[in-house]
Amino acid sequence: MKNILILFIISNVMCNTNVEILSYNAQFKNLGAGSAIFKTITFNDSPEKEIHFSFKTKKFVDLFYKIRENIIMKINEENFIINHIKIDSQNRKRFKNHEARFDYPNNKAYFDNDSLFINKGVYNPISIIAFLRNQNLSIGNQFIFDTYNSGKIKTIGMEVINEETIKIKRKSYDCYVLTPFYLQASDENNKKGEIKLWIAKESYLPVIIEQNANFGEIILQLNNIEYAK
């Protein structure tokens with residue numbers, strides 16, 4: 001009887017979720033460098049979504065530049081601001097662990113036994129992608145975000161600048177192209193984490209994601225799409 005009850009609870013939990021898994025091939029300097037997974041979990045009875053993002057380099061790349069990154073976020077379902085974020089990463093031999101919680105009613109972000117004043121909703125590049133996928137896009141649209149990175153806030157904008165047709169694995173996607181812009185010249189000096197996006201016009205899938213990193217530009221190209229409950 002106990003086992004039946006456990007299976008019933010698990011079944012109900014699973015039925016109350018919808019999962020989208022986007023898999024990407026990663027390129028660096030025109031080489032196949034690794035892979036990434038962008039998983040979104042929607043809970044039918046919750047005001048939050050969960051986003052899991054992971055990236056890893058291939059074994060031959062590990063020999064000279066090993067990268068592992070795992071991000072788990074809880075975001076608001078309506079406006080995609082971050083409620084909680086946990087990051088575990090490895091860059092060569094450097095390891096980084098960071099966790100932050102955002103208390104919007106009290107205008108506080110809490111992290112590493114410290115806190116930061118915030119006066120509006122906070123994003124990061126991954127939640128920005130989730131936000132933009134759910135907007136009615138057209139050329140000239142601009143969006144402004146306060147982004148969080150390891151205890152610091154920076155304001156950044158994203159603008160729809162063009163339309164392009166992208167072909168991946170013999171499939172064509174008509175896309176909106178979005179690039180970043182800055183409200184303050186000082187922010188433009190630090191482009192780490194900056195993203196450029198190609199979002200499909202019909203499905204609103206992020207077909208290509210370009211991101212600046214310490215060692216150069218990583219290009220993620222959509223490889224596979226899965227849906228589950």
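Glu-163 comes out as partly exposed, at 37% relative accessibility; here buried means under 20% relative accessible area, exposed over 50%, and partly exposed in between, with a 1.4 Å probe and protein chains only. The model is a predicted one, in which local features need pLDDT of at least 70 and side-chain atom pairs count only at pLDDT 80 or more, while totals for chains, interfaces and linings use all residues. Residues are numbered from 1 along each chain as its sequence is written, and side-chain values use heavy atoms, with hydrogens and water left out.

Glu-163 has a salt-bridge partner in Lys-201, with the closest N and O atoms 3.1 Å apart (a salt bridge being a side-chain nitrogen of Lys or Arg within 4 Å of a carboxyl oxygen of Asp or Glu). Glu-163 sits in strand β11 (residues 152-168) and Lys-201 in the loop between β13 (195-200) and β14 (206-213), so the pair ties together parts that are 38 residues apart in sequence. Helices (H or I, at least four residues) and strands (E, at least two) are DSSP runs, numbered from the N terminus. Lys-201 is partly exposed too, with a relative accessible area of 29%.

A search of the whole structure turns up four salt bridges. One of them joins Glu-20 to Arg-133, with 2.8 Å between the closest N and O atoms. This pair links distant parts of the chain, 113 residues apart: Glu-20 is in strand β1 (residues 17-28), and Arg-133 is in the loop between α3 (125-132) and β10 (142-149). Both Glu-20 and Arg-133 are buried. Arg-68 and Asp-62 also pair up, their closest N and O atoms being 2.8 Å apart. Arg-68 counts as partly exposed because its relative accessibility is 24%, whereas Asp-62, at 19%, is buried.

Then there is the nonpolar interior. A nonpolar core is a set of buried Ala, Val, Leu, Ile, Met, Phe, Trp, Tyr and Cys residues joined through side-chain atoms within 4.5 Å. The largest such core has 60 residues, and those touching the most other members are Phe-102, Leu-132, Phe-145, Leu-178, Leu-197 and Leu-220. Helix α3 supplies the largest share of this core, six residues. Neighbours within four places in sequence aside, the contacts of Leu-178 (heavy atoms within 4.5 Å) include Leu-132, Met-158, Lys-196 and Leu-197.

As for Phe-60, this residue lies in helix α2 (residues 59-65) and counts as partly exposed, at 42% relative accessibility.
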